[in-house]
Every structure is written in structure tokens, then in C-alpha cells.
Amino acid sequence: LEAVTDGLTGLANRRHFDRLLSRQVKEAEERSAPLCLIMCDIDHFKRINDSWGHPVGDQVIRYVASAIQAAAQKPACGARYGGEEFALLLPRTDIDAGKAIADELLRRVRARTLSRKSSGELIGHITISAGVALLRPGERAEALLRRADAALYEAKRAGRDRVICESESCAAA
């Protein structure tokens, strides 16, 4: 179990996610089925760690991971991609449905006011930014990942706490 699971979050780890992504890309191609990828990360995470310390940072990561877990209904797979970055692989999901899932994920994360368990001190609301990409015919896993990641960085540049799709075919916000 440890070889495929991230110890902090219980989500799939990066290695497992990379293998699964390759498999899902192949399967989507064989079945001519859509495959959507959401990349997201926690906004201003360094500030959280600097202000509250790493134990609180870890709790924030676990909190976001639990929201991703809730959004990752089978056959979807949520993964901790690195540090405070996450991936959500959505087989048989088109770009509009992928954007709707990402929007719901942002709402879910933003909904709770977090506080420090030990003291009750208010940490506040956590937000995430997300990029959504749809597999293109004949595309490799790395290219899909690059486009979802580029959309994520566009969401951060556009002010954070938002979803950006990698193409204009995405439903109007």
C-alpha cells in the first residue's frame, strides 16, 4: 500500500499517479473516450507554513486532500503530485464536466473556516487554484500534464482561487 499512497494524505503518490496517467491515456485512446486532468495547488501555501508552522501546513494539505478525495468518485483518481500540488484524473469526463468538478472542489475547499486545533486560533479560509485539460487525440501523457499545469499557472497569474481551462471549448465561467 505504501508504494502507491502518499503518507501524509492517503491519496495516490506521484509515482502511482504517473503510471495510472499513462494507463488511462492509452485506455482513453483505445476507447475514443474523453480523459480530463485537473492540476491544482494551495494558494499562498508558503505564507501558511511561515505564519503557522509546518504542522499546520500539513493539516492544510490533509484538509485539501480530503476535499479532493470527496471529488474523486470512481473511476477518478486523486493524487498528491508534490508539495502542495495535487492532480485529479477523470476518465470518461469531458472538459465541461471536468471544469464543473474543479469549480465544486474550489467551493468545497473555500467553504470551511479553519482554526488551529490546539488553541482555536483562526487560520481562515484556504483557497486553491486549478487548471483543467482534456486529452487530445494522439496526445501523450506528458503533453496533457503540461497543458493542465500551464492552465493552473494561468489561474494563479489571474489572481488565484479560480479554475482555468486550457482551451476555449470550456464552458463559460
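**Entry 1**

A crossing is called left-handed if the near helix is turned anticlockwise from the far one by less than a right angle, and right-handed if clockwise. I worked on a predicted model, in which local features need pLDDT of at least 70 and side-chain atom pairs count only at pLDDT 80 or more, while totals for chains, interfaces and linings use all residues. Residues are numbered from 1 along each chain as its sequence is written, and side-chain values use heavy atoms, with hydrogens and water left out.

I looked up helix α1 (residues 14–31) and helix α5 (residues 141–157), which pack at an angle of about 110 degrees with their axes 9 Å apart. Helices (H or I, at least four residues) and strands (E, at least two) are DSSP runs, numbered from the N terminus. Axes are lines fitted to C-alpha atoms, for helices over the stretch in contact, and angles run from 0 to 180 degrees between N-to-C directions. I therefore noted α1 and α5 as roughly perpendicular to each other; angles under 35 degrees count as roughly parallel, over 145 as roughly antiparallel, 65 to 115 as roughly perpendicular and the rest as oblique.

I recorded the crossing of α1 and α5 as right-handed. On the α1 side the contact (heavy atoms within 4.5 Å) is made by Phe17, Leu21, Ser22 and Val25, and on the α5 side by Ala141, Leu144 and Leu145.

**Entry 2: helices α2 and α3**

I next examined helix α2 (residues 45–52) and helix α3 (residues 54–71), whose axes come within 7 Å and cross at roughly 140 degrees. The pair α2 and α3 is therefore oblique. From α2, I listed Phe45, Ile48, Asn49 and Trp52 in the contact; from α3, His54, Val56, Gly57, Val60 and Ile61.

**Entry 3: the nonpolar cores**

A nonpolar core is a set of buried Ala, Val, Leu, Ile, Met, Phe, Trp, Tyr and Cys residues joined through side-chain atoms within 4.5 Å. Buried means under 20% relative accessible area, exposed over 50%, partly exposed in between (1.4 Å probe, protein chains only).

I found 35 residues in the largest nonpolar core, and Ile42, Val64, Phe86 and Ile126 have the most contacts inside it. Helix α3 gives the most to this core, nine residues. Setting aside residues up to four places away in sequence, I saw that Val64 touches Ile42, Phe86, Val109, Ile126 and Ile128. Another core, of 21 residues, lies apart from it and includes Leu21 and Ala87.

**Entry 4: Gln24**

I located Gln24 in helix α1. Its relative accessible area is 14%, so Gln24 is buried. Beyond its neighbours within four places in sequence, Gln24 is in contact with Leu35, Leu89 and Pro91.
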